[in-house]
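Here's a quick tour of the model, written for someone who likes to know the cut-offs behind each number. Have the viewer open as you read.

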Amino acid sequence: MKIVKTSLLMTLFSLWLTAPQISMAADGKTVIEQNRCAGCHEMNGGKARTIAEVLSKKAPDLFYAGSKFQEKFLTEFLQRPVRIRPAGTVFLNYTAPGTEIDQIQEPPLCASRLSGEEAVATAQYLMTLKDPDMPTGLYKPGAEFAKANAKMIFYKSGACNACHQVDMGNGDIKGGVSAPTLYDAGNRLNGDWVLSYIKDPQHWDPKAWMPKRELPDNTWQLLTNFLMTMKTSGEMRKAEK
Amino acid sequence: MIKKIIILSAILSIFMAFTGRSTDVFGETSGDNYKLYCAQCHGLKGNGSGINKGDMSVAPKNHTDTIEMSRLKDTDLYEAIAHGGVAVGKSALMPPWNGVMTDAEIREMVAYLRDLCHCKGE
């Protein structure tokens, strides 16, 4: 009888401990509903499978936000959104033909301006939206890697900077603008998701305008490690300019 | 006579469905594929002025340049699209698209490039 009582008390105690987190996540869901985030973001797993569907996208998919992002980044972004995609979510929607170079026509920024408390709750909720099939634990933060090799693949054979902006040193941002910035990838993204995405972008986004390449697993690991070292924040860029 | 016309139309429709450049047989038209995958570097009009051009060390190919494009064989274009610029001795800035577009879509794209340049290959 005493054992039953004790385990009952322990169960109640653990429920009490986790209750605030459950409640925060639930509040985050309410914030998302009240702010009508689903008006722009896909929240329910509907992937764009045709170009017409891609063009109708107003903002990035969030139904796997918990697999993709870091919670700290989400908490900050939801209060003070920054531009991650220089030409908008879908570059075709904000680009006009040009003679020397096509012109980007001021894509809108995420409208989220949550309070600190709301942002914490919403980020917690978003972190519960995971792809259960994504392999985890493959990216080892802080692991040593051949950075020179990674740079060679990233800049030369892969030419990833053709479409993505990177920090060339001291906040000097250079690169293509049709895809998300990478100079802050290490602060924004989850390493395991980066590894999964660069191996097979079309698994996550069937009409992603990023090439899918066949490379050995250790090359993907190398690139992921390199990408996760990219931690130039918006403030660091401003300070340089 | 009417029967003959109907049979001829049916044959023509089937033929168009399998060879037509701007049909949706392969899911997307070559023009739409060009916009989504190629225009980011080669420009919406195909004139090499895509939004990514600014910081590139090698300018993207101008697909509307009749003289330049006439020098390339269809097999060169196919190889460059499918396996990237390096496969034809050009820049690695041009990535391989064979993991994204089907073989049929790449062949359609070669034909689309010929439309853009108003030219044939050597």
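## Cysteines in chain A

With a relative accessible area of 25%, Cys110(A) counts as partly exposed; the scale here is buried under 20% relative accessible area, exposed over 50%, and partly exposed in between, using a 1.4 Å probe and protein chains only. Keep in mind that this is a predicted model, where local features need pLDDT of at least 70, side-chain atom pairs count only at pLDDT 80 or more, and totals for chains, interfaces and linings use all residues. On bookkeeping, residues are numbered from 1 along each chain as its sequence is written, chains are lettered from A and ligands numbered from 1 in the order in which they are written, and side-chain values use heavy atoms, leaving out hydrogens and water.

## The disulfide in chain B

Over all chains, the structure holds one disulfide, defined as a pair of cysteine sulfur atoms within 2.5 Å. The partners are Cys117(B) and Cys119(B), with an S to S distance of 2.0 Å. Is this disulfide left-handed or right-handed? The torsion about the S-S bond is about -85 degrees, so the disulfide is left-handed. Cys117(B) is buried at 0% relative accessibility, and Cys119(B) is buried as well, at 10%.

Back in chain A, Cys110(A) is in no disulfide. Its nearest cysteine sulfur belongs to Cys37(A), 7.2 Å away.

## Where the chains meet

At the interface, 34 residues of chain A are in contact with 27 residues of chain B, contact meaning heavy atoms within 4.5 Å. Together the two chains bury about 2,400 Å², with 63% of that on carbon and sulfur atoms. That buried area is the accessible area (1.4 Å probe) that two parts lose on being put together, summed over both. Ile51(A), Leu92(A) and Asp102(A) supply 22% of the area that chain A buries against chain B, more than any other three residues.

Glu28(B) and Lys207(A) form it, with their closest N and O atoms 3.4 Å apart. The side of chain A that touches chain B draws at least two residues from each of helix H2 (51-55), strand S1 (95-96), helix H6 (147-157) and strand S4 (173-175) of chain A. Helices (H or I, at least four residues) and strands (E, at least two) are DSSP runs, numbered from the N terminus. By type, the residues on that side of chain A split into 17 nonpolar, nine polar and eight charged; Ala, Val, Leu, Ile, Met, Phe, Trp, Tyr, Cys and Pro count as nonpolar, Asp, Glu, Lys and Arg as charged, and the others, Gly among them, as polar.

## Inside chain A

Chain A has eleven helices and four strands, and 45% of its 241 residues are buried. Among contacts in chain A with a separation of 6 or more, 67% link residues 24 or more positions apart.

Helix H10 (residues 217-227) of chain A is largely enclosed by the rest of the structure, because eight of its eleven residues are buried. Trp220(A) and Phe226(A) are among those buried residues. What do the buried residues of H10(A) pack against? They pack against H6, helix H7 (185-188) and helix H8 (191-199) of chain A.

Arg36(A) has a positive phi near 50 degrees, though it isn't a glycine. Arg36(A) sits in the loop between helix H1 (2-34) and H2 of chain A, and counts as exposed at 69% relative accessibility. Ala159(A), another residue other than glycine, also has a positive phi near 50 degrees. Ala159(A) lies in the loop between H6 and strand S3 (165-167) of chain A, and is buried, with a relative accessible area of 6%.

In chain B, helix H4 (residues 74-83) has buried residues including Leu77(B), Tyr78(B) and Ile81(B). Their cover includes helix H3 (66-70) and helix H5 (103-117) of chain B. After H4(B) comes Gly84(B), with a positive phi near 95 degrees.

Conventions: A salt bridge is a side-chain nitrogen of Lys or Arg within 4 Å of a carboxyl oxygen of Asp or Glu.
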